[in-house]
Amino acid sequence: MGRESGTYMSRVLRAVVVLALLLVCLDAGTASAGGSCYWYSKKDRALAKKTNNTRANAGVRKLSLDPHLSRVAKRQARTMARKATLYHTPSLGSLVTRWRSLGENVGYAGTVKAVHRAYMGSPVHKANILKSAYRHLGVGVKKKGGYVWTAVVFESRRNPGTTLSMPSC
């Protein structure tokens, strides 16, 4: 009888440990990126960092990466790369659901650094990057055919939302 209860207790203990680990993993997964499981590539983060460094050097508040805006930007970057055509998101105002002040930069070049340099050389793109009303950004970078295709979406409102499906945790 002692041996059976010992086996039972070890099974219960194992189940409790597995359940505790599962809860910790679930909690850690939902805490990332504002409660979503959105993943940023190295190139996405590089473009966001260049944008924020430019703002900081100009004395403008840094932007926070938003997964919903990034989902919209990534879709646009992929579409432009697939079509090998540069154009703004036709329905940006309906893809971002709760927006107050919305902007977008699109471009392509051989590297993220070259795209950012081109943005800064264009008065309209530079104005979007430095606009102080913006607080959040979404980035999308897609490498194809020797180019990086980029879309950057800017917004002033936190958690603007999107009509596009987001990855589930």
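Me: Which residues form one aromatic cluster here?
Reply: Y108, Y147 and W149 form it. The model is predicted.

Me: How many aromatic pairs does a search of the whole structure find?
Reply: Three.

Me: How do I read the geometry of a pair, and why is the pair of Y108 and W149 stacked?
Reply: Look at the angle between the ring planes; under 30 degrees counts as stacked. For Y108 and W149 the planes are at 15° and the ring centres 4.2 Å apart, so this pair is stacked.

Me: Where in the chain do Y108 and W149 lie?
Reply: Y108 belongs to strand β2, residues 102-109, and W149 to strand β4, residues 147-155.

Me: Is W149 buried or exposed?
Reply: Buried means under 20% relative accessible area. W149 has 4% relative accessibility, so W149 counts as buried.

Me: What is the geometry of the rings of Y134 and F154?
Reply: Their centres are 5.3 Å apart and their planes at 20°, so Y134 and F154 are stacked as well.

Me: Which parts of the chain does the pair of Y134 and F154 link?
Reply: Distant ones: Y134 sits in the loop between α6 (123-130) and β3 (136-144), while F154 is in strand β4, and the two are 20 residues apart.

Me: Are Y134 and F154 buried or exposed?
Reply: Y134 counts as buried at 2% relative accessibility. F154 is at 0% and counts as buried too.

Notes. Residues numbered from 1 in each chain as written. Predicted model: local features only at pLDDT ≥ 70, side-chain atom pairs only at ≥ 80, totals over all residues. Heavy atoms only, no water. Phe/Tyr/Trp six-rings, centres within 6.5 Å; stacked < 30°, edge-to-face > 60°. Helix = DSSP H or I, 4+ residues; strand = E, 2+ residues; numbered from the N terminus. Buried < 20%, exposed > 50% of the residue type's maximum accessible area, 1.4 Å probe, protein only.
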